[in-house]
Amino acid sequence: MSLSLFYLLSRWLHFAALMTLTGGAIYTTLLAPARFRPHLARRLHRLLVAASLLALATAIMLLVAQTGLMADGWRDIGDSAIWQAVLQTRFGQAWQWQLLAALLGVVALSARGQLRQWLLLLSGAGQLVGLAFVGHATMLDGAAGWLQRLNHSVHLLSAAFWAGGLLPVVILMRDMARFPAGYDAIRTLMRFSRYGHLAVALVIISGTIDAFILLPGWPPAFGRYSQLLLLKALLVAVMCGVALFNRYWLVPRFQPDGDRARHLFILTTLAELLLAALVIALVSVFATLEPA
């Protein structure tokens, strides 16, 4: 496998792991009613374990890939002098914190109860914020640079709430038919839907601000980066359409139409999840292109 492809794959998996980890932990700490959290933590246990382990593994893979890309490829990966040089760069210094946050997520698996869930949320959210200190998010310096990083952090955290919360939605839909868990599952989904409106709005607003910052003029030159950014915007628009269809067309039909409406809801949510995976793939490609 070429180093560039390895980097893209690692980046895509890293983003997916962090979205899943943060989104799932938000459910078990903030969205679910207190009495339902232990049950939901058990339901999401395997998902959160896999996401935290993958986040650490891909953080290491990305450091390896970045080291090779800054040098002369795979052959320089074993050179300790190159590793020391990379760790002294802005990326290297920021990525050391990223590794610590990822390690926290793995260590959290040995904790119990709500402490484990809060540590997993802290690990996932911390790593997402850490991504605002590498790559294109560091183009500006000074106060403008900090505002750019803050905006990018909001973008990633909001996206994690939305996209990372989709798989738990599918899992919770199965709990709706159970008693007494069904009532609490419905309350959890209602909270996700309520705050999801805000998360989607923040994704769109912060993403628009990011675009104005990264593209050197408006309207921007229609290069490869701009084309992919437009494709990303279109995919997000389709995701919004699916989310609105689910919330305002299917949900009101859960009672009169029963199982058929719920089955269709699960299918459309899975489609939305697939769109989110494509968006993450595009974001991974962005890192290899210059906005200009």
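Guide: Let us begin with accessibility: a residue is buried under 20% relative accessible area, exposed over 50%, and partly exposed in between, computed with a 1.4 Å probe on protein chains only. This is a predicted model, in which local features need pLDDT of at least 70 and side-chain atom pairs count only at pLDDT 80 or more, while totals for chains, interfaces and linings use all residues. Residues are numbered from 1 along each chain as its sequence is written, and side-chain values use heavy atoms, with hydrogens and water left out.

Visitor: Why does Trp83 count as partly exposed?

Guide: Its relative accessibility is 23%, so Trp83 falls in the partly exposed class. Trp83 belongs to helix α4 (residues 80-87); helices are DSSP runs of H or I with at least four residues, strands are runs of E with at least two, and both are numbered from the N terminus.

Visitor: With which residues is Trp83 in contact, leaving aside its neighbours within four places in sequence?

Guide: They are Leu63, Val64, Thr67 and Ile77, where contact means heavy atoms within 4.5 Å. By comparison of sequence and space, Trp83 and Leu282 are 199 residues apart in sequence and 28 Å apart from C-alpha to C-alpha.

Visitor: What makes Gln127 buried?

Guide: Gln127 has a relative accessible area of 0%, and therefore it is buried. This residue is part of helix α6 (residues 113-130). Beyond its neighbours within four places in sequence, Gln127 is in contact with His14, Leu18, Leu21, Ala55, Gln98, Ala101 and Ala102.

Visitor: Why are α5 and α6 called roughly antiparallel?

Guide: Two packed helices are described by the angle between their axes and the distance between the axes. Helix α5 (residues 90-107) packs with α6 at an angle of about 160°, the axes being 8 Å apart. Axes are lines fitted to C-alpha atoms, for helices over the stretch in contact, with angles from 0 to 180 degrees between N-to-C directions. Angles under 35 degrees count as roughly parallel, over 145 as roughly antiparallel, 65 to 115 as roughly perpendicular, and the rest as oblique. The pair α5 and α6 is therefore roughly antiparallel. Among the residues that meet are Gln98, Ala101 and Ala102 in α5 and Gln127 in α6.

Visitor: Is the crossing of α5 and α6 left-handed or right-handed?

Guide: The crossing of α5 and α6 is left-handed. A crossing is left-handed if the near helix is turned anticlockwise from the far one by less than a right angle, and right-handed if clockwise.

Visitor: What makes α6 oblique to α7?

Guide: α6 and helix α7 (residues 142-163) pack at an angle of about 140°, with their axes 8 Å apart. That angle makes α6 oblique to α7. Here α6 passes α7 in a right-handed crossing, and Ala125, Leu128 and Val129 in α6 meet Ser153, Leu156, Leu157 and Ala160 in α7.

Visitor: How do you know that Thr138 is buried?

Guide: Thr138 has a relative accessible area of 12%, so it is buried. Thr138 lies in the loop between α6 and α7. Its side chain reaches the backbone oxygen of Gly135 at 2.7 Å.

Visitor: Why does Met139 count as partly exposed?

Guide: The relative accessibility of Met139 is 42%, and so Met139 is partly exposed. Met139 also has its place in the loop between α6 and α7. Leaving aside neighbours within four places in sequence, Met139 is in contact with Gln148, Leu214 and Pro291.

Visitor: What makes the link between His45 and Arg116 a polar contact?

Guide: The two side chains make this contact at 3.3 Å. A polar contact is a pair of N or O atoms within 3.5 Å; within protein, one must be able to donate a hydrogen and the other to accept it, and residues adjacent in sequence count only if both atoms are side-chain atoms. His45 is found in helix α3 (residues 45-70) and, at 34% relative accessibility, counts as partly exposed.
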